[in-house]
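Please read it alongside the sequence and the coordinates.

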Amino acid sequence: MNIKMGSIHRSGLSRKASDNSRIILTIVLAALFGFFIGISFPPVSLTKIHTPLLGAFSGSDVPKIYVPTNPRGAELLPPGIVVPESDFYLHKLFGDPSEDLQKKPKYLVTFTVGYDQRDNINAAIKKFSDDFTIMLFHYDGRASEWDQFEWSRSAIHVSVRRQTKWWYAKRFLHPDIVSAYEYIFIWDEDLGVDHFNAEKYVHLVKKHGLEISQPGLEPNHGLTWEMTKRRGDSEVHKNTEEKPGWCADPNLPPCAAFVEIMAPVFSQEAWRCVWHMIQNDLVHGWGLDFALRRCAEPAHEKIGVVDSQWIVHQVIPSLGNQGQSENGKAPWQGVRDRCRKEWGIFQVRLANADKAYLSEITE
């Protein structure tokens with residue numbers, strides 16, 4: 001028994017030594033083969049690599065770039081690679097990028113919405129063709145529930161609770177982001193659009209050279225200013241007569257160069273100016289309508305109301321009801337109080353800014 005075991009043990013050691021010799025020999029031959037193959041090729045620099053994505057460069061070859069005319073933050077890039085503007089076009093996740101977009105919408109329409117107004121918004125969206133990108137700002141957090149509407153699946157949805165459309169506009173409608181769109185509609189959710197067609201509206205805006213505009217308002221519903229009242233005998237009007245004492249100059253608001261903030265429409269260039277004027281901390285936009293004239297020149301010719309494509313202001317305090325009661329007031333009353341305060345703050349800021357600038361340029 002012991003002899004048998006000893007015999008098996010010695011035989012195993014012999015085989016193991018033979019296998020190890022073969023492995024060592026193979027490694028040596030492979031190393032020699034690799035060496036001779038290597039010296040048969042010209043030298044290759046590992047610090048200079050050509051690829052379709054990176055191009056040819058090395059640490060010493062990278063050019064020192066500083067282009068002060070590039071957009072802020074992009075000064076270290078070659079101008080040819082800088083893309084400072086964008087859009088809301090939807091792209092595929094696969095395939096050839098050049099085949100992504102079958103159609104590029106020319107206009108942008110945004111609504112600030114709550115789910116309770118879904119039927120009204122659905123009716124409004126049907127008035128806009130596929131030449132319009134649709135964007136919804138959801139102040140009640142119920143963005144996913146809109147997928148019951150077919151158009152919602154290709155719309156842009158932004159959901160932040162209890163914020164106003166001017167809060168959204170300042171943060172999500174930067175002029176460089178919406179630069180692809182000729183006109184930007186920034187509308188409330190409580191608008192009746194039975195007598196409105198968006199394509200015809202844009203045609204009239206272009207025809208009459210309006211940079212800032214709005215549809216006329218039905219006189220019997222939610223009317224605040226004479227300027228925005230629909231006229232039945234014209235396509236567009238640019239001035240009006242207000243109550244005595246309201247207009248020191250017939251070419252200034254509210255008798256001219258004036259639209260309201262419920263349903264404004266801006267050209268791309270006018271919006272670039274208006275966006276910069278919107279204050280970060282003043283969210284309701286009261287007083288903004290009186291200052292819009294600064295973003296179109298001459299304002300009394302470039303700002304107007306489109307009468308033949310008109311809407312109804314339904315005056316539904318939906319966003320206002322999202323707040324909380326304070327000091328015994330209903331939520332919408334508290335919202336209105338803040339609106340008035342913001343109007344006053346904006347007036348003071350604008351007057352101070354004018355004064356400071358005039359002082360600077362006259363020194």
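Helices (H or I, at least four residues) and strands (E, at least two) are taken as DSSP runs and numbered from the N terminus. The structure is a predicted model, in which local features need pLDDT of at least 70, side-chain atom pairs count only at pLDDT 80 or more, and totals for chains, interfaces and linings use all residues. Residues are numbered from 1 along each chain as its sequence is written, and side-chain values use heavy atoms, with hydrogens and water left out.

**Overall content**

- The secondary structure of the chain consists of eight helices and eleven strands.
- Of the 363 residues in the chain, 38% are buried, where buried means under 20% relative accessible area, exposed over 50%, and partly exposed in between (1.4 Å probe, protein chains only).
- Among the contacts in the chain (heavy atoms within 4.5 Å) with a separation of 6 or more, 70% are between residues 24 or more positions apart.
- The chain exposes about 22000 Å², of which carbon and sulfur atoms supply 56%; accessible areas come from the Shrake-Rupley method with a 1.4 Å probe, and for residues only the protein chains shown count as cover.

**Cis peptide bonds**

- P253 and P254 are joined by a cis peptide bond with omega about 0°, and P254 is found in the loop between β9 (236–237) and β10 (265–267).
- The peptide bond from E297 to P298 is also cis, with omega near -5°, and P298 has its place in the loop between α6 (288–291) and α7 (299–302).

- A257, which is not a glycine, has a positive phi of about 55°; A257 is placed in the loop between β9 and β10 and counts as buried at 0% relative accessibility.
- R162, likewise not a glycine, has a positive phi of about 55°; R162 lies in the loop between β5 (156–159) and α3 (165–172) and counts as partly exposed, at 48% relative accessibility.

- A search of the whole structure finds one cavity of 30 Å³ or more, a cavity being a set of points, on a 1 Å grid over the protein atoms alone, where a 1.4 Å probe fits but cannot get out.
- The largest cavity has a volume of about 80 Å³, a volume being the space filled by probe spheres set on the grid points, which are joined across faces, edges and corners.
- Its lining residues (those with an atom within 4 Å of a point) are W166, I278, Q279, L282, G285, W286, L288, E342 and F346.

Technical notes
1 Å grid on protein atoms, 1.4 Å probe; cavity = no way out; pocket = protein on both sides within 12 Å on 5 of 7 lines; lining within 4 Å.
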